[in-house]
Amino acid sequence: MLLSDFDYNLPEELIAQTPCEPRNHSRLMVLDKTAKTIEHHHFYDLKDQLVPGDTLIFNDTRVMPARLIGHRESTGGKVEVFLLRRINGDEWETLVKPGKKALAGNIISFGTELSCEIMSHTDFGGRIVKFHYKGIFEEILDRLGETPLPPYIHEELADKERYQTVYSKEKGSAAAPTAGLHFTTEMLEELKAMGVNLGFVTLHVGLGTFRPVNVEKIEDHVMHKEYYCVPEETAKLICDTKARGDRVIAVGTTSIRTLESASESKGFIEAKSGWTEIFIYPGYEFKIVDAIITNFHLPKSTLLMLISAFSDKEFILQAYEEAIKEKYRFFSFGDAMIILNQKIKK
């Protein structure tokens with residue numbers, strides 16, 4: 001399968017620069033992948049697509065203030081260090097800019113209370129660094145670090161919490177699980193009151209999820225590893241849902257990747273944690289997920305390949321054409337879609 005199969009032309013003005021207010025007033029495209037129908041709604045209408053017994057699964061990761069701006073001790077040159085994941089203790093995998101001069105042994109200082117030493121290179125062009133500090137690393141990071149936004153967002157974010165979901169809890173992501181940004185606390189309570197189950201998993205989003213695919217045959221692409229956790233309570237909730245014949249609906253591609261990583265047989269999942277590099281593209285057989293809530297993704301991205309695996313590529317690209325025609329907002333702060341096997345008749 002070719003990378004060019006997942007390309008489409010997006011007018012730049014449709015890339016959302018600011019979040020919708022209130023959160024759930026974004027638009028919602030409803031896709032029935034069986035009937036091949038497309039409907040246009042708002043996200044606050046999501047309840048009309050759900051029935052009692054449905055289980056929504058959310059990724060409760062929280063974005064770290066992962067961007068640090070420092071200076072090279074030897075020259076005083078400005079350096080950006082972007083935290084990707086903790087490897088062990090004070091050693092982290094990072095991206096360093098400018099990268100060419102980021103050599104093993106270099107020391108980068110972030111003021112008087114934090115510095116790091118570059119230890120080695122990674123296979124993906126990153127750097128392993130070891131931090132040196134006095135005190136509690138997380139508290140220092142909260143003071144010195146900046147919450148990163150995707151590179152295609154050029155507007156400053158007035159409220160940094162708008163790049164966090166209202167249920168975010170487990171700090172560790174380099175980027176937000178953006179399908180969840182549409183939910184409000186009140187909306188979650190409303191869904192629970194109508195009999196919809198809410199479950200939570202964790203996948204700490206690394207930049208590898210958004211790394212460009214640089215091979216023409218997509219089967220040759222290698223995903224970056226990301227840490228995930230499916231708690232016992234959530235695993236039981238999902239197994240009970242599947243046993244009843246009800247639907248498990250994943251909120252976002254990170255929830256999908258978590259659920260499918262933790263499942264080894266159709267309809268069954270167990271409590272598990274570890275590292276996943278699962279790459280889902282057309283031809284993949286889903287074991288857990290029955291429906292998907294997601295945003296609109298970049299051309300040629302692994303995320304677009306994932307949702308094309310759940311539906312079919314031609315129908316997804318048709319829906320994207322429709323979204324462009326109807327001037328939907330795209331990417332992290334953009335609008336949403338729900339992809340259903342078939343619409344439920346109420």
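Reply: The model is a predicted one, and its salt bridges number 18.

One of these joins the side chains of R67 and E80, with an N to O distance of 3.4 Å. R67 belongs to strand β5 (residues 67-72) and E80 to strand β6 (residues 78-88), so that the pair links distant parts of the chain, 13 residues apart. Both R67 and E80 are buried.

Another salt bridge is formed by the side chains of E226 and R257, at 2.3 Å from N to O. Here a strand is paired with a helix: E226 lies in strand β13 (residues 226-230), whereas R257 lies in helix α4 (residues 253-262), and the contact therefore ties together parts that are 31 residues apart in sequence. E226 and R257 are likewise buried.

The salt bridge between D240 and K236 has its closest N and O atoms 2.8 Å apart. D240 and K236 are both in helix α3 (residues 232-244), and because they are 4 residues apart, about one helical turn separates them. D240 counts as partly exposed because its relative accessibility is 33%, while K236, with a relative accessible area of 54%, is exposed. Salt bridges with shared partners also join E264, E270 and K272 into one network.

Most peptide bonds are trans, and most residues other than glycine have a negative phi. Against that background, the peptide bond from E21 to P22 is cis, with omega near -15°; P22 is found in the segment before β1 (27-32). A cis peptide bond also joins K97 and P98, with omega about -5°, and P98 is placed in the loop between β7 (91-97) and β8 (107-109).

Positive phi values occur at two lysines. K300, although not a glycine, has a phi of about 60°; the residue sits in the loop between β16 (291-295) and α5 (302-310) and, at 34% relative accessibility, counts as partly exposed. K327 also has a positive phi of about 60° without being a glycine. Its place is in the loop between α6 (313-325) and β17 (336-340), and K327 counts as exposed because its relative accessibility is 58%.

As to the cysteines, the structure holds 0 disulfides. C20 has a relative accessibility of 19% and therefore counts as buried, the limit being under 20%. C116 is buried as well, with a relative accessible area of 0%.

Conventions. Residues numbered from 1 in each chain as written. Predicted model: local features only at pLDDT ≥ 70, side-chain atom pairs only at ≥ 80, totals over all residues. Heavy atoms only, no water. Disulfide = S-S within 2.5 Å. Buried < 20%, exposed > 50% of the residue type's maximum accessible area, 1.4 Å probe, protein only. Salt bridge = Lys/Arg side-chain N within 4 Å of Asp/Glu carboxyl O.
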